Amino acid sequence: MRISPRIEAITAAGTDGWEIYYRTRELLARGERVLSLTIGEHDIKTDPVILEAMHQSTRAGNTGYAFGPGNPELRAEVAARVAARTGVPTGAENVIITPGGQAALFASHMALLDKGDRALHADPYYATYPGTIRAAGGVPVAVPTRSRDAFQPKAEDIMARAKGAKTLLINTPNNPTGVVYDRPTLDGIAQAVTEADLWLISDEVYDTQIWEGEHISPRALPAIRERVLVVGSMSKSHAMTGSRLGWVVAEPEVIEALAVLATNTTYGVAPFVQDAALHALRLGPDFEERIAEPFRRRRDIATRLIADQNLVRLVPSSGAMYLMLDIRATGLSGNDFAGRLLEEERIAVMPGESFGAAAAGHLRVAMTIPDPAFEEALARLLAFAAHITA
Ligand code: PMP
């Protein structure tokens, strides 16, 4: 008897890159004060009005099995939201509700990849990407981006790795860099996926967190619309991380395939969670802006502090709840800097290396603690960088 090698293969590298986070939890459990800028979760909880909708739904008896691709009303609401934001005609038949964005990423790759297919993804990347691709039987292939290009992917780097590939996974606004892909980048991606005949999986879970410029969904580019699967989620837009509600928006044939998979894997999402999500979406853009606002404020705080020195460079970011700091001028790797910052200053940030080779020599800062603590952490991080470099 043995466990399938498929599981071992998911964490191919042996380490999962979250050592700083585990160590932070250990220190916190010992009662130490640690300023933790590690994981992408709001410092507020799900709003009581959403919880009330969930509670009312359970009391009304919506506690049975969910209907495969999702509550038709919720699918229609997601479709209307997508249509309003992108101008692309979208109906309930273009939407499947999934248990979070992560399940949507897995299902998308399961539906598109055959065993052994190459699956491209931009580097740096959200930590689960390679494992998700491997879990679906694919072979992850990183497409490097560069700090000097603000980590915007280039068509030629995609093309150079596209032979034999089936899919390309991108993420805008981006975790870990905070970068929002601009129109030339998306035009380049569109050209590459067309030439190489790839599906494009577009992870847009941070689409309500835009600080500058605009979010462009590649599904809005008519030439590639049929190739695009958009992954969305309530986790970040509505501070509903634990509720596990996300979706895929794509052509109806893709949605039908994903529904077959859902029937044989997740069985959909709890109906009372779907009702809460429907209520939450109907709160409209003002509510979403309120959830995003603290990150906008903290980005301003960080921008101001970083402008006062020239050792640590802020990667020009315009969205998501993260900042990427270029610390190469200190001479330390991201791993060494983050390790020492935690041990010597009790400030936890993620090493760029945890998110791929392209982010080496950088740090990811999650803007997920209250403003005064955030300001203190950033000021001390900058002082630490100056101190170790002096
Ligand atoms: N994509 C990205 C880029 C993320 O950062 C996350 C969560 N941190 C997810 C997907 C998954 O989020 P969820 O499953 O909570 O929707």
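Helices (H or I, at least four residues) and strands (E, at least two) are DSSP runs, numbered from the N terminus. By that scheme, Gly64 falls in the loop between α3 (48–59) and α4 (72–86). This is a predicted model: local features need pLDDT of at least 70, side-chain atom pairs count only at pLDDT 80 or more, and totals for chains, interfaces and linings use all residues. Residues are numbered from 1 along each chain as its sequence is written, and side-chain values use heavy atoms, with hydrogens and water left out.

**Ligand site**

- The ligand sits in the largest pocket. A pocket is an open set of points on a 1 Å grid over the protein atoms alone, where a 1.4 Å probe fits, with protein on both sides within 12 Å along at least five of seven lines. Sitting there means that more than half of the molecule's atoms lie within 2 Å of the pocket's grid points.
- The elements that give two or more residues to the shell around the ligand are α5 (100–112) and α9 (234–237). The largest share, four residues, comes from α5.
- There are 15 residues around the ligand, and Gly101, Asp203, Ser233, Ser235 and Arg244 come nearest. A residue counts as near if one of its heavy atoms lies within 4 Å of the molecule.
- The shell divides into five nonpolar, seven polar and three charged residues. Here Ala, Val, Leu, Ile, Met, Phe, Trp, Tyr, Cys and Pro count as nonpolar, Asp, Glu, Lys and Arg as charged, and the others, Gly among them, as polar.

**Polar contacts and burial of the ligand**

- An N or O atom in the side chain of Ser235 is 2.6 Å from a ligand oxygen atom.
- Gln102 brings a polar backbone atom to 2.9 Å from an oxygen atom of the ligand.
- For Lys236, an N or O atom in the side chain is 2.9 Å from a nitrogen atom of the ligand.
- The ligand taken alone exposes 400 Å², and the protein buries 92% of that. Accessible areas come from the Shrake-Rupley method with a 1.4 Å probe.

**Backbone exceptions**

- Most residues other than glycine have a negative phi, and most peptide bonds are trans.
- The Thr172 to Pro173 peptide bond is cis, with omega near -10 degrees. Pro173 is in the loop between β5 (165–171) and α8 (183–195).
- The Asn175 to Pro176 peptide bond is also cis, with omega near 20 degrees. Pro176 lies in the loop between β5 and α8.
- Ala239 has a positive phi, near 50 degrees. Its loop runs between α9 and β8 (246–249). Ala239 is buried at 5% relative accessible area, where buried means under 20%, exposed over 50%, and partly exposed in between (1.4 Å probe, protein chains only).
- Tyr267 is not a glycine, yet has a positive phi of about 65 degrees. Tyr267 is in the loop between α10 (252–263) and α11 (271–281). With a relative accessible area of 47%, Tyr267 is partly exposed.

- Gly64 and Pro271 are 207 residues apart in sequence and 7.2 Å apart in space, C-alpha to C-alpha. Gly64 is partly exposed, at 44% relative accessibility.
- Tyr206 and Lys236 are 30 residues apart in sequence, with 6.3 Å between their C-alpha atoms. Tyr206 lies in the loop between β6 (199–203) and β7 (228–233). Tyr206 is buried, at 3% relative accessibility.

Terms used:
Polar contact = N/O pair within 3.5 Å; in protein donor to acceptor, adjacent residues only side chain to side chain. 1 Å grid on protein atoms, 1.4 Å probe; cavity = no way out; pocket = protein on both sides within 12 Å on 5 of 7 lines; lining within 4 Å.
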